[in-house]
Amino acid sequence: MAEAFKELKLLLQNSHLDVELKEGFLSKVWSIGQNHRKSFLCGKSAFERANIRQWIEYRVDKLGLGDELIEKKNLREALEELDGYLLHHTYMAGYGLSLADVVLYYALHKYLIKMELTERSRFVNLSRWFSQVQVTPHLRPVELEHVIFIRNPNVL
């Protein structure tokens, strides 16, 4: 799985370099997920696979690609939407980590790290999900700062 995360990280962090990527983003991400032993990243059922694809498309449509930033109003709407969805879900699709979680984690990191603690802590369900995903082994590269959602720095 570490190899899949490494390839996804490169694609997701350098997506702004490829002008054509927006059209091929889903296919490229999906291909990386399927080409590794841990193909559970692409879902276990047809429903999970469809749900994962939907969240990957959501990322492109609502959160942009690469260094492209969205307006604050649109970001708040997206965060509220995700927070509402995560009220009844532990992961974005299915009962475990998937490509949807990885793709959304990388998209949200650049926004959440810049927010004040009190602002990002308002999104309770999103905070829980993000905290859980960012401690997944091999997922968060060293260069990405750990996003804190609680005031006590001794509790991570």
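Tutor: Let us start with two phenylalanines: Phe130 and Phe149 are both buried. Please keep in mind that this is a predicted model.

Student: How is a pair of aromatic rings described?

Tutor: Two quantities are used, namely the distance of the centres and the angle of the planes. In this structure, six aromatic pairs are counted. One of them joins Phe130 and Phe149, with 5.8 Å from centre to centre and 65° between the planes, an edge-to-face arrangement. Planes over 60 degrees apart count as edge-to-face, and the value here is 65°.

Student: Which parts does the pair of Phe130 and Phe149 tie together?

Tutor: Phe130 belongs to helix H7 (residues 124–134), whereas Phe149 lies in the segment after H7, so the pair ties together parts that are 19 residues apart in sequence. Ring pairs also link Phe130 and Phe149 with Tyr105, Tyr106 and Trp129 into a cluster.

Student: Which residues of H7 are buried?

Tutor: They are Asn125, Leu126, Ser127, Trp129, Phe130, Val133 and Gln134. Among the elements that cover these buried residues are H4, H5 and helix H6 (117–121).

Student: Is Gln134 buried or exposed?

Tutor: The cut-off for a buried residue is under 20% relative accessible area. Gln134 has a relative accessibility of 3% and therefore counts as buried. The side chain of Gln134 reaches the backbone oxygen of Val147 at 2.7 Å. Leaving aside residues up to four places away in sequence, Gln134 touches Tyr105, Arg140, His146, Val147 and Phe149.

Student: And where is Thr136 found?

Tutor: Thr136 is in the segment after H7. Its relative accessibility is 18%, so Thr136 counts as buried. The side chain of Thr136 reaches the backbone oxygen of Val133 at 2.9 Å.

Student: Which residues of the largest nonpolar core touch the most other members?

Tutor: The largest nonpolar core has 44 residues, and those that touch the most other members are Ile56, Leu108 and Trp129. Helix H2 (21–34), helix H3 (46–63), H4, helix H5 (99–112) and H7 each supply at least two residues of this core. H5 gives the most, with eleven residues. As for Ile56, its contacts include Phe25, Leu26, Trp30 and Val103, not counting residues up to four places away in sequence.

Student: Where in the protein is confidence lowest, and where is it highest?

Tutor: The mean pLDDT of the protein is 80, and 74% of its residues reach 70 or more. Confidence is lowest in helix H1 (residues 2–13), at a mean of 59, and highest in H4, at 95. Over residues 15–20 the pLDDT is below 50, and this stretch has seven contacts in the model beyond near neighbours in sequence.

Definitions and conventions. Residues are numbered from 1 along each chain as its sequence is written. Side-chain values use heavy atoms; hydrogens and water are left out. Rings of Phe, Tyr and Trp (its six-membered ring) pair if their centres lie within 6.5 Å; planes under 30 degrees apart count as stacked, over 60 as edge-to-face and the rest as tilted. Helices (H or I, at least four residues) and strands (E, at least two) are DSSP runs, numbered from the N terminus. Buried means under 20% relative accessible area, exposed over 50%, partly exposed in between (1.4 Å probe, protein chains only). A polar contact is a pair of N or O atoms within 3.5 Å; within protein, one must be able to donate a hydrogen and the other to accept it, and residues adjacent in sequence count only if both atoms are side-chain atoms. A nonpolar core is a set of buried Ala, Val, Leu, Ile, Met, Phe, Trp, Tyr and Cys residues joined through side-chain atoms within 4.5 Å. Contact means heavy atoms within 4.5 Å. pLDDT is the predictor's confidence in each residue, from 0 to 100.
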